[in-house]
Number of protein chains: 2
Amino acid sequence: MDLKAWLSERKDLVDQALERYLPASPQGGAILEAMRYSLFAGGKRLRPILCLAGAEAVGGDPQAVMFCACALEMIHTYSLIHDDLPAMDDDRLRRGRLTSHVVYGEGLAVLAGDGLLTQAMVLMSDASAYGDLDPRLVLAASHEVARAAGYQGMVGGQAADLLAENQKPDLALVQFIHATKTGALIAASVVSGAILAGGSPEQVRTLRGYGRRIGLAFQISDDLLDLTGDPAKLGKEVGADQAHGKMTYPAAAGPAAARQAGENLVREAAELARSLGPAAEPLAELALYIMERTH
Amino acid sequence: MDLKAWLSERKDLVDQALERYLPASPQGGAILEAMRYSLFAGGKRLRPILCLAGAEAVGGDPQAVMFCACALEMIHTYSLIHDDLPAMDDDRLRRGRLTSHVVYGEGLAVLAGDGLLTQAMVLMSDASAYGDLDPRLVLAASHEVARAAGYQGMVGGQAADLLAENQKPDLALVQFIHATKTGALIAASVVSGAILAGGSPEQVRTLRGYGRRIGLAFQISDDLLDLTGDPAKLGKEVGADQAHGKMTYPAAAGPAAARQAGENLVREAAELARSLGPAAEPLAELALYIMERTH
């Protein structure tokens, strides 16, 4: 399959849906403008695409889970806005654009993040968005996403990351931070799509294993790109992790071992996806692509 | 009825439930500690109590909606943590205790707020918490709460409040800020309880009118207390609104007109509550108490 064409087509569908779910409005004021500024800053839409693919992998209709896909992107975007704040990573540039607090000030940036997180909750409970889906499945998917985003997932990982700055690199801690800060929401993306599409417990379990592995691999590849990537291609400064004394996989285990760990994870993830049959082939290809982009 | 005894008994029930829904845990680390620090800082639990009373007013069991009551308190607490940040109101004291960012630093305070907001979403979709309730009603209550918290409600009001600092007091703007920043979540508290308890559309409409009125009155009474209250009794500095150039109702309309507006609102609210019969009597008494505390 042509993975790049598939990703690009899915990204366009997600962008259109996000525009429907958070349209510009003169009544929205500065807060809506700030929320949209970050939401439409050119993200790859990886989490929504995983959600749609998770639904397809178990035989579901991707359009029926689009509301959840968009909620995941809102949660991801909120986490970036807060992560970029001066009190956190203090990043001025993201995806080639100035970060929210540089443009709107810190107060409005905090609120824009809050607004996006809350809007995800609005979307996950919107009867006009979930339509004919079984409300118990909607709640189960919502629970999956919320736990992944919360203090036992992403928020917990961000806190651990913040507290670990300038400490001696430690592989177990790096793995905990990766699993929670990035891995949990990536896994929840593919799992929530499968839940909403009525996947069996076994299918959901397989996709959870897939999601955890690509979540870790994705963070490892990000760390490697920060070490060796091209700033023009990435749209952000490189070497920022080192400058911030960040605890990364390459810093804790060395770049070669990090690359090997990433390769193992995506190979296992691809095998898990392929065990679900041809409808999960895009997930398998996507897994293998994660480490390819670091070559 | 003895309103103070009723409030105190309800507050204890809510405190016990919050302890069950967000227990201390050595694995929770600094982030859970920070979340609990603010959640158990001695709040009055007004929003949860309103949620329980909303359920009772339409003939429901308050214990069955406790998960929603607790989610509302988590959302309220998150909003206080973020509101107190240096980039927002820059308050060092809240309920007689140091604010989150003073104790834990700005980064962790932002995350503690995020963690509480997300935990509310976890709770609102937790099958072991909502139990036998109709999942469609759970989603409808969740939608009500999320919209009230979001950019068209509380977050929007906080943004408008932030942008209005040091501008000329304007009554229409004050009313918008009050209705969104405080009023929306207070109204959603009583409404969500009624929705979950299976209230009729007419009952829900009546309670929405009640909630909006007490929400505005509550903010007016808060503004009056900031102007004339006793810091020892309030557990926070007074005169902070003036010092920050905050747009308040007394500043825009004068203290006498503000008091009159508050009295009218609580009288109308009490009448709406009493139209629902004796089960809504606590709501009527509570409304009248809001302005009494400013005397």
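Between which two strands of chain A does the loop that holds A:R95 lie? A:R95 is placed in the loop between β1 (93-94) and β2 (97-98) of chain A. The model discussed here is predicted, and the predictor assigns the complex an ipTM of 0.95 and a pTM of 0.96. For chain A, the average pLDDT is 94, and 97% of the residues score at least 70.

**Relation of the two chains**

- Chain B can be superposed on chain A with an RMSD of 0.0 Å by a turn of 180° and a shift of 0.0 Å along the axis. This is the relation of a two-fold axis.
- Within chain B, B:P135 has the C-alpha nearest the axis, at 2.9 Å from it.
- Both copies use the same surface, since 100% of the contact residues of chain B recur in chain A.

**The contact between the chains**

- Chain B contributes 43 residues to the contact, and chain A contributes 43 residues.
- On the side of chain B that touches chain A, at least two residues each are supplied by α2 (29-39), α6, α8 (135-149) and α9 (154-164) of chain B.
- Helix α6(B) gives the largest share of that side, 12 residues.
- Sorted by class, the side of chain B that touches chain A consists of 25 nonpolar, 13 polar and five charged residues.

**Helix α6 of chain B**

- Helix α6 of chain B covers residues 106-124, which is 19 residues. At 1.5 Å a residue the helix should span 27 Å, and its end C-alpha atoms are 28 Å apart, which agrees.
- Of the 19 residues of α6(B), 18 are buried, so the helix is largely enclosed by the rest of the structure.

**The nonpolar core**

- In soluble globular proteins, nonpolar side chains tend to be buried together.
- The largest nonpolar core in this model has 202 residues. The residues with the most contacts inside that core are A:C70, A:A71, B:C70 and B:A71.
- When its neighbours within four places in sequence are left aside, B:A71 is in contact with B:A120, B:L123, B:M124 and B:V145.

**The loop at B:A197**

- B:A197 sits in the loop between α10 (171-196) and α11 (201-228) of chain B.
- Is B:A197 buried or exposed? B:A197 has 25 other C-beta atoms within 10 Å; the cut-off for a buried residue is 20 or more, so B:A197 is buried.
- Residues up to four places away in sequence not being counted, B:A197 touches B:A55, B:V58, B:G59, B:G60 and B:V65.
- B:A197 and B:G60 are separated by 137 residues in sequence, yet their C-alpha atoms are 4.8 Å apart in space.

**Residues with positive phi**

- A:R95 has a positive phi of about 50°, although it is not a glycine. A:R95 counts as partly exposed, because it has 14 C-beta neighbours inside 10 Å.
- B:R45, another residue other than glycine, has a positive phi near 65°. B:R45 is located in the loop between α2 and α3 (46-57) of chain B.
- B:R45 is buried, with 24 other C-beta atoms within 10 Å.

How values were computed:
Residues numbered from 1 in each chain as written. Chains lettered and ligands numbered in written order. Predicted model: local features only at pLDDT ≥ 70, side-chain atom pairs only at ≥ 80, totals over all residues. Helix = DSSP H or I, 4+ residues; strand = E, 2+ residues; numbered from the N terminus. Expected span 1.5 Å × (residues − 1). Buried ≥ 20, exposed ≤ 12 C-beta atoms within 10 Å, placed from the backbone. Core = buried A, V, L, I, M, F, W, Y, C linked by C-beta atoms within 7 Å. Contact = placed C-beta atoms within 7 Å. Least-squares fit on C-alpha atoms with pLDDT ≥ 70 in both. Nonpolar A, V, L, I, M, F, W, Y, C, P; charged D, E, K, R; others polar. pLDDT = per-residue confidence, 0-100.
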